[in-house]
Each structure stands twice: as C-alpha cells, then as structure tokens.
Amino acid sequence: MDKPNKRILSGVQPSGDLHLGNYLGAIKNFVSLQDEYECFFCVVDLHAITVWQDPATLAQKTREVTAAFIASGIDSKKNTLFVQSQVPQHSQLAWAFSCIARMGWLNRMTQFKDKAGKNSENVSVGLYSYPTLMAADILIYLATHVPVGEDQKQHLELTRDIAQKFNNDFKNDLFPIPEPLILGEAKRVMSLRDGTKKMSKSDPSDYSRIMLSDTQDEIIQKIKKAKTDPLPLPDNLVAAKSRPEALNLLTLYAALSDADTETVIRNYAGKHFSQFKKDLGDLASSKLAPISLEINKLMNDKDFLDSIINTGKEKAISVAEPVLKQVYEIIGFLSR
Ligand code: AMP
Ligand code: TRP
C-alpha cells in the first residue's frame, strides 16, 4: 500500500451554526493548505450525536458545513469532501482503537471534563470515548497532518499515542504519527462577551460569537457591543496579553487581514476602541459576507451538494477500506 507523506484529514461537527472560531481556527487554514497537501475534509456527524441532535436539523447542518467548506474556497474536485457516517470504516477502526486506548488516557481529556461538568454520570458514553473515534478519522486515511484549532491539541496527542501503541503492540509501522497544524493568528478565538472563554457553538449568548450566517449589520453590531476595558488600545504585545478582550479583538483583526498581531497593535497603539471596533466590524463583515451569500446559494442547490457528498464518499471509502483490511489482518481477524 502506498504511504502518503503529505496527507491531511480534518473534521468539523454539524452541531450548530459555524462561527468565526471555526472559520479562523480551521476552515480558512484548510483553504491555504489544499495546494500543498492531499486533503480529506469531513463533516463529523458521528461526533455531533455525542450530544442530542434533532434529526431534521442534523441533516440540514450536515449540508450546511459542506456548503461552508466550498463557500470558503475549498475546491471540491481537488479535495475529498465527505460525511463521516457514510464511511463505515471510521466506526470500525474506532472500535479497535477503543481497545488500544487506555482509560487513564481518556480520563485526562479536558474537553470531556469541560463538556460533562458536574453531569458526568449522565452524559453519553460516546462523549467520553469520542477521541478514539477522532483518532480513527485521522488514521484510517494514514493522514500525516491535521489542521485544527488549539482546543484540539490534546485530542491530537491522544491520536499519536494510539498510533504508537498500535504499531508497538502489533510490531508493525502501519500508522504514521500525525502532526497537528495549528496555524494563523487566531488559534483560539475567544468569546466576545468574555475574553477568557472560548468562542463556541454552545454558549447561550448569541452576542458571544459571530456566525458565518450573520448579516453584515449583525456582525457590525456584535463587534460594537463586544466587551472591552476602559483603557485605550495597548501599544505592545506584552501589555495586550494582560488584557484578554483587547488581545482577542486584535488577533481577529490580524487573522482577517492576514497581518501579524504585532503589526496591528502598532497601527492602533493608544487609539480608542470605538474607532478600532468600527474598522474591525467593517473588515469582518466584508470578509464574511461573500461566504455567507455563497452558503445560502449552495443550500438552495441540494442536488449539487449531495452529488459532491456522494463523490466524496466513494473517494474516501476507496482509501479507507484497504487500510481497514490491513488493520484487520494485523489484529488477526479472519479475512472477509
Ligand atoms: P467543532 O465545531 O468543534 O467541530 O470545531 C471545528 C474546528 O474549529 C476544529 O478544528 C476546532 O479546533 C476549531 N475551533 C472551534 N472553536 C474554535 C475557537 N474558538 N477558536 C479556534 N478554533 C476553533
Ligand atoms: N474533535 C473535533 C472538534 O470538536 C472535530 C473532529 C472530529 C476532528 N474528528 C476529527 C478534527 C479529525 C480533526 C481531525 O472540533
């Protein structure tokens, strides 16, 4: 079997509206990597059902994430865009991996602790074992690189541990040890209401996040209302780092304008937030409006989206199946 040396896999959950964190932390980077790598981009619906999803909404959101990939500039011909549940090899490998991963490894996952909170007796088993499925998503394609936001770093480390233990236990070198690619100026986009909390789909406040589906006016209003402190803008990075809300808005400006944060800090040093927020609102709305328009256009062409999803499924299965076959042989399952 050919072993790729520059293959990407990444996934986005169809569990709510996509926000600026998903765009800057993940999707925008996918776009810039597609020329250099062979890419598999996956809508991870199996991950989404680790918490309750309304069935009709799940189907709609699954198409919407696919549309967002394309609208952001991912070429659906060049790359493989597909839906996780349509490629059964992910779940099949995930079972084997749940027998490789150790309880102690999963017990350390901070995302589980955050999501389960005090309710850990009553969350799904899937929410707990989720990182073993994520490892399967990546390794079933023998992916070498995984572009993600910073919040996924620990899951990537677990993926590396699983690959290593599988290779060691069965004395083979099937799986690569995949590298995270945590790129761009906005690796962890924070809530607009609280600079110490991650921007997320599950925050109850709509004003905490900018959605890809927001209108230009909504984007401008949300940035205008974003929490800040009473001081003028900082004049250096060290000072900015002690002011989480200011730093978040500055890194958003940097990421959206493809500049580095220090240059943006220099340009706005000592200025008032009112001017900066106006500029950031204009910048964000001008960058996001064309994407949102294109998503809406694609969502009205269900047949086109479904044909892309279908082609992606065939391509994904043709790569995943031979890897699964080899895993089964290595484990000692009778051949099918
Ligand atoms: P999810 O919506 O949880 O499936 O996340 C999809 C991708 O977006 C993953 O690569 C995440 O790391 C990334 N992501 C989600 N939230 C943020 C955030 N607030 N800042 C940066 N990246 C994020
Ligand atoms: N766990 C990721 C998140 O919540 C989504 C995801 C699932 C993923 N499988 C993946 C990301 C494989 C990268 C590679 O954001």
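A pocket, in this talk, is an open set of points on a 1 Å grid over the protein atoms alone, with protein on both sides within 12 Å along at least five of seven lines; its lining residues have an atom within 4 Å of a point.

The model before you is predicted: local features need pLDDT of at least 70, side-chain atom pairs count only at pLDDT 80 or more, and totals for chains, interfaces and linings use all residues. Residues are numbered from 1 along each chain as its sequence is written, chains are lettered from A and ligands numbered from 1 in the order in which they are written, and side-chain values use heavy atoms, with hydrogens and water left out.

I begin with the largest pocket, which holds about 1,200 Å³ of space. It is lined by 47 residues, and those closest to its centre are Gln-111, Lys-115, Asp-151, Gln-152 and Lys-198. Among the elements that give two or more residues to this lining are β1 (7-12), α1 (20-33) and α8 (153-169); helices (H or I, at least four residues) and strands (E, at least two) are DSSP runs, numbered from the N terminus.

Next comes the second largest pocket, with about 230 Å³ of space. Thirteen residues line it, and Glu-185, Arg-188, Leu-247, Asn-248 and Thr-251 are the closest to its centre. Helix α11 gives the most to this lining, namely four residues. Where does this pocket lie? Domain 1 (7-187 + 302-331) and domain 2 (206-296) both contribute to its lining, so the pocket lies between them. The domain bounds come from an automatic or database domain assignment.

I turn now to salt bridges, each a side-chain nitrogen of Lys or Arg within 4 Å of a carboxyl oxygen of Asp or Glu. The whole structure contains 19 of them. In one, Arg-7 pairs with Glu-38, the closest N and O atoms being 2.9 Å apart. This pair links strand β1 to strand β2 (residues 38-43), across 31 residues. Are these two partners buried or exposed? Arg-7 is buried (under 20% relative accessible area; exposed is over 50%, and partly exposed is in between, with a 1.4 Å probe and protein chains only), at 9%. Glu-38 is partly exposed, at 37%.

A further salt bridge joins Lys-78 and Asp-35, with 3.7 Å between the closest N and O atoms. Lys-78 is in the loop between α3 (55-71) and β3 (80-83), and Asp-35 in the loop between α1 and β2, so the pair ties together parts 43 residues apart in sequence. Lys-78 is partly exposed at 45%, whereas Asp-35 is exposed at 66%.

Note on methods. 1 Å grid on protein atoms, 1.4 Å probe; cavity = no way out; pocket = protein on both sides within 12 Å on 5 of 7 lines; lining within 4 Å. Points joined across faces, edges and corners; volume = space filled by probe spheres on them.
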